[in-house]
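The report below turns to the ligand, the residues around it and the pockets of the protein.

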Amino acid sequence: MIRIERIEVEQTYPLRKEILRKGMTLSHKMPGDEDKSSLHLGLFSDMELVCVCSFMKNSNKEFSGFQYQLRGMATSEKAQGQGHGKLIMNEAEEILEKQGVDLIWCNARTRATGFYEKLGYQKAGNEFHVPQVGPHYVMFKKIR
Ligand SMILES: CC(C)(COP(=O)(O)OP(=O)(O)OC[C@H]1O[C@@H](n2cnc3c(N)ncnc32)[C@H](O)[C@@H]1OP(=O)(O)O)[C@@H](O)C(=O)NCCC(=O)NCCS
């Protein structure tokens with residue numbers, strides 16, 4: 001059974017560490033993690049947390065309107081490619097749209113840009129490099 005719900009930021013840490021920070025010295029903690037306005041979502045498959053993502057109120061000057069930044073998008077290795085990422089992102093969009101958010105943006109790893117494109121995100125600007133993590137693009141989606 002699949003269930004998506006709001007979770008505490010601490011619950012995102014194991015998947016962030018395993019999927020996004022393996023072999024890196026970069027912290028799994030992110031600016032805004034503890035803010036009341038931040039949204040942390042988890043997808044449980046048969047009670048096991050297999051997919052997490054976080055959304056922080058943070059504006060990028062390239063865009064206008066009420067913006068949230070997506071961070072820490074990760075699906076456990078064994079659960080990837082089963083539609084979990086798409087489900088959790090759709091749920092997040094619904095929640096944020098109800099809160100009056102106009103646009104979601106993120107710094108997307110280049111190898112994950114195809115995932116975001118399938119969800120309707122577009123690239124903005126040129127590829128840039130994040131130390132330890134690798135090449136990225138800014139991507140965004142207007143949701144209202
Ligand atoms: C990228 C990631 C979050 C996708 O999550 P997921 O649960 O595997 O994604 P889904 O199964 O919901 O995929 C949804 C769609 O995107 C596609 N997709 C998934 N990852 C993709 C990728 N890296 N490149 C291109 N397409 C991708 C799927 O094929 C699927 O297509 P479909 O709707 O036509 O069937 C997951 O693979 C992951 O955690 N990767 C490692 C960490 C990472 O790169 N995170 C993103 C940081 S910016």
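In this predicted model, a backbone N or O atom of Gln-82 lies 3.2 Å from an oxygen atom of the ligand, a polar contact being a pair of N or O atoms within 3.5 Å. Two further contacts of this kind are listed with it in the table.

| Residue (backbone N or O atom) | Ligand atom | Distance |
|---|---|---|
| Gln-82 | oxygen | 3.2 Å |
| Gly-85 | oxygen | 2.9 Å |
| Arg-111 | nitrogen | 2.9 Å |

Taken alone, the ligand exposes 900 Å², and the protein buries 73% of that area, with accessible areas taken from the Shrake-Rupley method with a 1.4 Å probe. The model is a prediction in which local features need pLDDT of at least 70 and side-chain atom pairs count only at pLDDT 80 or more, while totals for chains, interfaces and linings use all residues. Residues are numbered from 1 along each chain as its sequence is written, and side-chain values use heavy atoms, with hydrogens and water left out.

The shell around the ligand holds 20 residues, of which Gly-81, Gly-83, Gly-85, Lys-86 and Lys-118 come nearest; a residue counts as near if one of its heavy atoms lies within 4 Å of the molecule. By class, this shell has eight nonpolar, eight polar and four charged residues, and Gly is counted among the polar ones. At least two shell residues come from each of α1 (9–20), β4 (67–75), α2 (84–98), β5 (103–109) and α3 (113–118), and α3 gives the most, with four. Helices (H or I, at least four residues) and strands (E, at least two) are DSSP runs, numbered from the N terminus.

The ligand sits in the largest pocket, in the sense that more than half of its atoms lie within 2 Å of the pocket's grid points. A pocket is an open set of points, on a 1 Å grid over the protein atoms alone, where a 1.4 Å probe fits, with protein on both sides within 12 Å along at least five of seven lines, and lining residues have an atom within 4 Å of a point. The largest pocket has a volume of about 970 Å³ and is lined by 36 residues, with Leu-20, Met-73, Arg-109, Ala-112 and Tyr-116 nearest its centre. To this lining β4 gives the most, with seven residues, and the classes are 18 nonpolar, 12 polar and six charged.

The second largest pocket contains about 170 Å³ of space, and its lining has three nonpolar, two polar and six charged residues.

Methods:
Polar contact = N/O pair within 3.5 Å; in protein donor to acceptor, adjacent residues only side chain to side chain. Points joined across faces, edges and corners; volume = space filled by probe spheres on them.
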